[in-house]
Amino acid sequence: MTKSIIQDPRLRERNYGKDEGVHYDSLKKEEKQKFEDFNYKPEGGESWVDVQKRTHLFFQSLKTPGNYLAFTCGGLICANTFDLGLVDVIPNCSCVALELDANSKPSKILFEWELPEIQEQK
């Protein structure tokens, strides 16, 4: 069995273009809604639909059937699980297993695991 690590730019975070570096919590309610719109594309950046498309291109490039482990940001995972009913933000260090259909698009969430909160001891 061959094991390899592949770094692929199609699994990078969303490009926010002119809005890069703007902290979400600093936005007004109307601006937050704009960012949450799946089709909103900031100037020079990507929409969530764009992120979804490039991720699907990555999945399609996996020519060999089998199991794969991909590490990426929560936003990219959310873009690919939103249509499957997982609409909440994926916390850092979480794990989501996806089943791909014949077209290499996510078709089913096999499981979701979130890193448990660590309670500080006093």
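Trainee: How many salt bridges does the count come to here?

Mentor: The count comes to 5 salt bridges, where a salt bridge is a side-chain nitrogen of Lys or Arg within 4 Å of a carboxyl oxygen of Asp or Glu. The general idea is that side chains of opposite charge can pair when their charged atoms come close. Before we go on, please remember that this is a predicted model: local features need pLDDT of at least 70, side-chain atom pairs count only at pLDDT 80 or more, and totals for chains, interfaces and linings use all residues. Residues are numbered from 1 along each chain as its sequence is written, and side-chain values use heavy atoms, with hydrogens and water left out.

Trainee: Which residue meets R10 in a salt bridge?

Mentor: The partner of R10 is D8, with 2.6 Å from N to O. Another pair is D19 and K18, at 3.0 Å from N to O.

Trainee: How do I read burial, and is D8 buried or exposed?

Mentor: Burial is read from relative accessible area: buried means under 20%, exposed over 50%, and partly exposed in between (1.4 Å probe, protein chains only). D8 counts as buried because its relative accessibility is 18%, whereas R10 is partly exposed at 25%. D19 is buried too, with 9%.

Trainee: Which residues are linked in a network of salt bridges?

Mentor: The network links R12, E46 and R54. Between R54 and E46, the closest N and O atoms are 2.8 Å apart. R54 counts as buried at 8% relative accessibility, and E46 counts as buried at 10%.

Trainee: Which residues does Y16 touch?

Mentor: A contact means heavy atoms within 4.5 Å. Leaving aside residues up to four places away in sequence, Y16 touches F35, P42, G45 and W48. Y16 sits in the segment before α1 (29-36); helices (H or I, at least four residues) and strands (E, at least two) are DSSP runs, numbered from the N terminus. Y16 counts as partly exposed, because its relative accessibility is 23%.

Trainee: Which residues form a nonpolar patch on the surface?

Mentor: Patches are made of residues with over 30% relative accessible area and no salt bridge; like charges are joined within 9 Å, and nonpolar side chains (Val, Leu, Ile, Met, Phe, Trp, Tyr) within 5 Å. Here the nonpolar patch consists of L110, F111, W113 and L115, with about 410 Å² of accessible area together. Such areas come from the Shrake-Rupley method with a 1.4 Å probe, and for residues only the protein chains shown count as cover. L110 belongs to strand β2 (residues 106-113) and is partly exposed, at 47%.
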